[in-house]
Amino acid sequence: MTVLSPIDALKTLALPGRAVIDGALVEAASGATFHNVSPRDGTVINLVAACEAADVERAVASARAAFEDGRWRDQGPRDKKRVLFRLAELMERDAEQLALLESLDTGKPIRDARAVDVPLAINTARWYAEALDKVYGEVGASPVDRLSYAVHEPLGVIGAIVPWNFPLHMAMWKVAPALAMGNSVVLKPAEQSPLTALKLGELALEAGLPAGVLNVVPGLGGVTGQALALSMDVDMIAFTGSGPTGRRLMEYSARSNLKRVSLELGGKSPQIVFADCPDLEAAAQAAAWGVFYNQGEVCTAASRLLVEASIKDDFLNRVIAVARTMVPGDPLDPATVFGAMVSERQMNTALDYIATAHSQGGRLLMGGRRARQDSGGFYVEPTIFDRLEPDHTLAREEVFGPVLGVQTFTSDDEAIQLANDTVYGLAAGLWTSDINRAFKGARSLKAGLVWINGWDACDITMPFGGFKQSGFGRDRSLHALHKYADLKSVSVTLR
Ligand code: NAD
């Protein structure tokens, strides 16, 4: 069998553009569409249904009807598992297509979409399929004439609003546990990256998920997302994205039905390298990949490097050597390790932060420019600034692009103080050979994820989410199942 190159495969690939509502692939009721642009070359690759309030209402009504008549909620655990495992199998069957859609839509290297995004999304589906009958309730201590117990019950209709950096993977972090608990879902992908969510909706139907249990409504945040979040019949919004949108979602909840809200809002994550680091080369790899992976469009990006002054020059030379291997290239070329930013807007945001860092006195060590402009796509070089001061914009605001800021410290206290000097608290890491320094540091760092002598070294088994303004609520792990359920206490008086 001939294996087509991604670019040849693209010529025959149908790009999904219709919403998935009540078990059917449909246009928006108004017929409206939006242009889906590939950041690879700036071209419009397809027209996608622009769902408006009427479409969202239809999707929510369909999800509600499915929930209330129990067509999914009341299926036994074995039947639910069968469908979710089948979904994982279908995703595996179409893995190459999913990877191609993801790379084309977001600009991420196809090698990452193939090796990371798609396999992790499939693994998430399987993990929650396996976990769904391992959720136990509690029996309370009761007097002899009473039996009291607490059970987890599904919330009802979940609105999942997801971002564009890992579109399929983030969708699955929410859809899989929500479905596993018996909820119905209305998924709203980001307008920059609707393709894999639409494909997921189609595959779920093929897998045997009943109509209405998973609806997918593409469209603009301020229209489709807002309608979903203001709906009186959505029980919870599960969100990953920016802080300003997270604040709006809480406001919409207050203005509508006090729906539950869970927020994953990114960060300004520090990676601390002490002079007693056990492996400077590994730390340099982690420092560079920790911020430049996925073009820096990662909520846990290690965007602040705090390095002990005595090893700074040696360490920075190592980091720069690693970063120099990340040459911006065509995302669809399997050799590319560093692709395009998701949109022209996101590219310009990164370039603006770079200009500000210059003007505030940061010292540019590498990068700093747009790349591959001839392609028409949106590429920015991996960029490193030294001499970052705590009050510099680059030390405080999330760029969500390939820009690293370097600060130095001379004591443990100073390192931890600098690390915690942020409104965010998603991830933090430290490199040391001293076990006391490691554990004390882990305790002192105000972050939902702490990595010692590694970066991003955890998986679906561990909860994922932030402290402080990085949000609340956890994705991944068994905790995510509980997020999509309410606790009901039942007391039976024995007569
Ligand atoms: P965003 O928060 O606007 O978009 C995320 C999702 O929210 C998308 O699906 C979008 O359509 C939806 N949305 C936007 N406005 C909405 C509204 N009023 N009501 C309901 N839904 C709405 O993020 P963005 O503008 O695409 O990116 C801006 C910044 O967000 C980035 O620079 C980055 O800092 C941050 N971001 C963080 C993450 C993360 O993983 N935490 C992911 C993407 C972006």
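Student: Where's Gln192?

Tutor: Gln192 is in the loop between β8 (184-188) and α7 (195-207); helices (H or I, at least four residues) and strands (E, at least two) are DSSP runs, numbered from the N terminus. This is a predicted model, where local features need pLDDT of at least 70 and side-chain atom pairs count only at pLDDT 80 or more, while totals for chains, interfaces and linings use all residues. Residues are numbered from 1 along each chain as its sequence is written, and side-chain values use heavy atoms, with hydrogens and water left out.

Student: What does Gln192 touch?

Tutor: Leaving out residues up to four places away in sequence, Gln192 touches Asn36, Asp105, Trp164 and Val342. Contact means heavy atoms within 4.5 Å.

Student: Okay, ligand next. Which residues come nearest?

Tutor: Val162, Trp164, Lys188, Glu191 and Ser242, out of 29 residues around the ligand (a heavy atom within 4 Å counts as near).

Student: How far is a ligand oxygen from an N or O in the Trp164 side chain?

Tutor: That distance is 2.6 Å. For the Lys188 side chain, a ligand oxygen is 2.7 Å from an N or O atom, and for Gln346 the value is 2.9 Å.

Student: How much of the ligand does the protein bury?

Tutor: The protein buries 91% of the 810 Å² that the ligand exposes alone (Shrake-Rupley areas, 1.4 Å probe).

Student: Switching to helices: which residues make the contact of α8 with α9?

Tutor: Gln226, Ala229 and Leu230 of α8 meet Leu249, Tyr252, Ser253 and Arg255 of α9.

Technical notes. A polar contact is a pair of N or O atoms within 3.5 Å; within protein, one must be able to donate a hydrogen and the other to accept it, and residues adjacent in sequence count only if both atoms are side-chain atoms.
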